[in-house]
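This report walks through one protein chain, from single residues to its packing and overall dimensions. Please keep the sequence and the 3D view at hand.

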Amino acid sequence: MLQMTTTHRCARIRLTLRDLHLPTPPGREELVARVLDTPVERETFEFLSERARGIDVGAGLEEVVAHFRTPPGGTPAGFRRELGLREGAVVVDLVRDIGCGENGRQRPTNVLYSADSANPYEVEPLAPFVSNLTCNPGIIYDLFLNNPEANIGGRFRDRDEVMTELGRILGPGCDISVELNNPFEEDFSKILEEAARFREILSQWRVVIKVPHTGPVNPGNVGQLLQGDGGLDVRFSRGATKDCLRGHNLALRLAEEGYRVNFTLMFEPYQTQLALQARPYFINAFIRHRKIQTERICGFLRAHELTRQQDQLEKLRSYLIASDYLSSGEKNLGLEEVEAIAREVLHARGVDVSSGAGDGLDAVRHSLRALRNANLDDTRLIICSMEGAFNYPDIDRLLMEPEFADMTRRIVVTAEPRYLARFASSNQVISYQRRFMKAARGQS
């Protein structure tokens with residue numbers, strides 16, 4: 001049936017595959033009925049009217065609806081419908097796209113949301129509103145499994161049980177990015193075994209393997225991070241080429257094995273272009289710690305400029321070691337060199353000592369510009385690691401900047417559920433609820 005929508009300006013005819021009145025292969029009626037409501041642009045409709053002699057669905061659609069046990073009459077969230085013409089028949093298949101809800105309809109906004117959590121109790125109220133979930137070992141083990149306050153009654157015993165429950169809660173429309181336990185495992189077959197287990201639990205369509213940047217850390221020195229003060233004896237910028245690109249090579253190898261990869265631990269704008277060479281599904285821009293550290297470095301340098309006291313540079317040196325700008329063996333590094341290194345960091349970030357860190361979102365802006373120029377149409381940027389009263393509002397304003405209007409479909413905003421939830425409220429919500437509830441009580 002042709003539907004006509006009228007407004008005070010114009011009338012627009014909405015065309016669907018049903019309006020082509022094409023025959024269906026015998027026995028395929030239930031499958032084809034799932035996609036007959038697919039909208040078709042007028043030009044495509046006219047093209048198909050002249051050439052198509054039937055309609056069918058692809059093998060991918062059959063596999064998806066069977067796996068997720070999708071009720072008749074539609075297709076599950078998280079998939080885009082794509083049309084093809086094969087031997088005279090229109091063939092409709094499904095392509096993974098977390099920007100789509102049920103039946104291939106676009107989600108309410110181009111910008112997507114994600115949660116940093118492995119706590120099913122926390123994720124459940126957020127589930128209808130997110131398109132991705134991010135888990136790493138710290139989130140899974142420290143914040144949930146081994147935390148009696150979160151893992152109530154010890155109901156969940158291991159990671160597999162947690163992943164299974166999260167998959168059930170989130171449904172087919174949400175990707176789940178789960179990080180490898182040991183990215184420094186030298187036997188790639190063991191890494192593939194771990195990735196395959198994630199895929200078995202979550203399905204090939206939802207699983208995303210989270211691979212971290214590795215910097216100077218390698219299988220030989222990673223133990224230093226787990227003993228004593230946790231300091232590494234190599235400065236972050238002085239790692240061997242093989243070590244600094246270990247994460248890149250691991251991400252690329254997993255992509256070549258057919259896995260989508262969330263390439264994580266991206267803090268500086270200059271990490272973006274090289275990360276894109278690994279063909280990731282997600283790249284990241286971490287906000288919180290970089291901004292905080294920039295402000296602290298500026299504070300030490302300003303204090304030294306005002307007082308000219310060496311103890312400010314000594315404090316700066318200790319801070320740079322604690323924050324891994326310097327190695328654990330540089331406790332006696334000359335203060336002039338310490339100051340020079342700190343100023344190099346600020347220069348690379350485009351920060352003046354007197355001006356501070358600004359909104360700290362330059363890595364986000366840079367990554368979006370890099371994505372715009374990349375040949376990776378399905379890659380998205382995750383904006384992550386935020387806290388406090390300003391990070392999310394600043395991000396929200398950035399998303400409205402005209403320069404990035406064409407990039408909103410490439411953005412996923414992720415945070416802990418409680419942090420996102422705080423921005424669903426304001427002080428006036430309480431004020432108005434007080435008024436409304438008092439009024440309602442007076443009527444009862």
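His21 is exposed, because its relative accessible area is 65%. (Buried means under 20% relative accessible area, exposed over 50%, partly exposed in between, with a 1.4 Å probe and protein chains only.) The model is predicted: local features need pLDDT of at least 70, side-chain atom pairs count only at pLDDT 80 or more, and totals for chains, interfaces and linings use all residues. Residues are numbered from 1 along each chain as its sequence is written, and side-chain values use heavy atoms, with hydrogens and water left out.

His21 sits in the loop between strand 2 (11–14) and helix 1 (29–33). Helices (H or I, at least four residues) and strands (E, at least two) are DSSP runs, numbered from the N terminus. Phi of His21 is near 55 degrees, a positive value in a residue other than glycine. Arg308 also has a positive phi, near 60 degrees, and is not a glycine either. Its loop links helix 11 and helix 12 (310–322). Arg308 counts as exposed, at 54% relative accessibility.

Three strands form an open sheet, in the order 3-5-4 and with mixed pairing. Two strands pair if DSSP finds at least two bridges between them. Strand 3 (54–57) and strand 4 (79–86) are the edge strands, each pairing on one side only. Neighbouring strands of this sheet are turned by 25 degrees against each other on average, direction ignored.

Strand 3 runs parallel to strand 5 (residues 89–96), and 4 bridges join them. Val57 has Val92 of strand 5 as its bridge partner. Asp56 has Val91 of strand 5. On the other pairing, strand 4 and strand 5 are antiparallel over 8 bridges. Here Gly84 has Val91 as its bridge partner in strand 5. Strand 4 and strand 5 form a hairpin with 2 residues between them. Glu87 in that turn has a positive phi of about 50 degrees.

Strand 5 is largely enclosed by the rest of the structure, because 6 of its 8 residues are buried.

Contact means heavy atoms within 4.5 Å. Axes are lines fitted to C-alpha atoms, for helices over the stretch in contact, and angles run from 0 to 180 degrees between N-to-C directions.

## Helix 5 against helix 6

Helix 5 (residues 137–145) and helix 6 (residues 159–170) pack at an angle of about 95 degrees. Their axes are 11 Å apart. The two helices are therefore roughly perpendicular to each other (65 to 115 degrees counts as roughly perpendicular, under 35 as roughly parallel, over 145 as roughly antiparallel and the rest as oblique).

Helix 5 brings Ile140, Tyr141, Phe144 and Leu145 to the contact. Helix 6 brings Arg159, Val162 and Met163. The residues of this contact divide into 6 nonpolar, no polar and 1 charged. Ala, Val, Leu, Ile, Met, Phe, Trp, Tyr, Cys and Pro count as nonpolar, Asp, Glu, Lys and Arg as charged, and the others, Gly among them, as polar.

Phe198 lies in helix 7 (residues 188–202). Phe198 counts as buried, at 0% relative accessibility. Leaving out residues up to four places away in sequence, Phe198 touches Arg159, Val178, Glu179, Ser203, Val207 and Ile209. Phe198 and Ser177 are 21 residues apart along the chain, and their C-alpha atoms are separated by 9.7 Å.

Cys298 belongs to helix 11 (residues 288–307). Cys298 counts as buried, at 1% relative accessibility. With residues up to four places away in sequence not counted, Cys298 touches Leu346, Val351, Asp352, Val353 and Gly356. Cys298 and Leu15 are 283 residues apart in sequence and 59 Å apart in space, C-alpha to C-alpha.

## Overall dimensions

The protein has 17 helices and 13 strands. Of its 444 residues, 49% count as buried. Its C-alpha atoms fill a box of roughly 85 × 65 × 50 Å, taken along the principal axes.

Among contacts between residues at least 6 apart in sequence, 66% join residues at least 24 apart.
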